[in-house]
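Please look over the model shown below, and then follow the questions and answers about it.

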Amino acid sequence: MILEARGLRLAYEEREVVRGLSLAVGSREVISLIGPNGSGKSTVLRALARTLRPKGGAVYLHGHDIQTLSPGKLARQLAILPQGPEAPPDLTVRELVWYGRSPHLKWWGRPTATDAEVVAWALGETKLEHLADRPVATLSGGERQRAWIALALAQTPEVLLLDEPTTYLDISHQLEVMELVRRLNRSLGLTVIMVLHDINQAARYSHRLIALQNGRVVAEGEPAYILTPALLRQVFGVEARIEYDVDGVPMYLPLGLAAGG
Amino acid sequence: MTGRLAYAEAIRNGNGNSAGLLLAGRRQRRRQLAVLGVGCLLFLAAFTLGVGLGPVRLGPVTVWEAILGRSAELPRTIVWNIRLPRALIGSLVGAGLAVSGALLQGVMRNPLADPHIIGVSAGAGLGAVTVMTLFPLAPPHWIPAAAFAGALLGAAIVYTLAWRGGIAPMRMILAGVAVSSLFSAGTSALLVTHSDNVQAAMTWLIGGLAGRGWSHWQRLWPYIVTGVAVSLASARKVNLLLLGDDLAAGLGVRVERVRLLLIALAAVMAGAAVSVAGLIGFIGLIVPHLTRLLLGSDYRFLLPTSAVLGGALLIAADTAARIVADPVELPVGILTAAMGAPFFLYLLRRRSTR
């Protein structure tokens, strides 16, 4: 297990969102959290990244409670990309990606040749070299999302957390992000946990799905096993048919809202 | 780099052109350094003019000879007893307000943030006016002391009110507006009920450097110098905070701790500045914006450039305030607004039409 959550209770001020959630993520896995709005997906992701402190329970990275790790040490092992991040209007792609090296720099901040190589590699991996001097704010949606992923890559993490990385992108840019995730997983062994709204994409690009409802795990496992009409009815209140493509990847076709849902 | 994954190999095999990337980055760096350099020259020019101009005019060479103690008796006396401390105080007040404003705009990610918005100015005003009206016979150094205490108290109240398991910048700004209104109401009440002291109090509230000397400098420099130094050391963290709390935390920043430290620094610098010079407006809001328009939002350059430009602008305004309506001295706060606002609007328009 690379990352593990045990008995997480998460709340925003007094409002409890997640009540007793446990999950375990193996090394080199790609996992998608799915579930309706308000089911606690993003909240769980924030807790895994320590941006939200749990009211109860704990998150363990390589068996160490992440609350006991220094922020810098955690940031060298785990990167999170929140939903819809914003950059100052003049920040260039290069500057943004360099920020990904900050957990590796000493306090006086002098970068080494290795840091420059990592930045160059992250830009190459996300195909942004020719845009390095453009302000992030002037990029198209797909390019911008790749720039934020390059920032996370520059941290050289073992675990990458992505909160709705494809929302607001057109289909081809959505697939571009998903293919990038798959490539990084395969070539580097990067462990990825992402929140996705598109269930078909989640099924196609993940080893495992974790379905959440009201802050609890209601189903988890390989997409082909857990993606069933019953699950979609129970979790989303949607009647759907499940089809399988030649690779055995399931996909759902919505038929309508479930009666009484 | 992490040892567990195949990064090293991937990076070796990648065809990323790191040398070219660094080179392109250097061009940007050179431009930022150039702006900082020009800022320093402007500051030196304003400083020299500020010391040189007055009822007795001194040329630039005489000014620096006098500062270094190599001139004749008269210029040396004028410079060392009157003009040098005033210019030095002006530099630090301008730099302190500008850096304070830049920090607040950064940590709150709000372009409207400035030292006034977090209760510093209203607190200082209430503190100073309380001493002037209720304790008119108190020794004169009570006024800056009370102003400083009031400034810190105002900021502390605003911060406490805005705290709910963390600081939401918008909540802090709204709390700041509310607390400032309350403190200003208190100040007005004191002024109305003690009308015999209104003249002195109003002059203090508008802000100015008239009659400020070495004793004020002694009280001012430790706070501003420390504040600016710690701010510069924290510049990289402010850059990360600009990406949002969650990303900054994910990049290893202790968000709440850093924000508290930087807000406290901003309050101390602005508090020290206004306690010595009165409620000088506009510098804390305008100088960081102006600097940002010139060189972008990288705080490693924004903070030092704001400091020198803030100092330059305040000295220039104070010099103008002394000589424009000679022998009457205008309050410098009027001049900072009159000089700063049009230039700011010019930059804003030029920028938006590009």
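Q: How many of the residues of α4(B) are buried?
A: This is a predicted model, in which local features need pLDDT of at least 70, side-chain atom pairs count only at pLDDT 80 or more, and totals for chains, interfaces and linings use all residues. Residues are numbered from 1 along each chain as its sequence is written, while chains are lettered from A and ligands numbered from 1 in the order in which they are written. A residue is buried if 20 or more other C-beta atoms, placed from the backbone, lie within 10 Å of its own. By that count α4(B) is mostly covered, and of its 35 residues the buried ones number 27.

Q: Which helix gives the largest share of the side of chain A that touches chain B?
A: Two residues are in contact if their C-beta atoms, placed from the backbone, lie within 7 Å, and the contact draws 42 residues from chain A and 35 residues from chain B. Elements supplying at least two residues of the chain A side include α2 (71-77), α3 (93-99) and α6 (171-188). The largest share, 10 residues, belongs to α4(A).

Terms used
A residue is buried if 20 or more other C-beta atoms lie within 10 Å of its own, exposed if 12 or fewer, and partly exposed in between; C-beta atoms are placed from the backbone. Helices (H or I, at least four residues) and strands (E, at least two) are DSSP runs, numbered from the N terminus.
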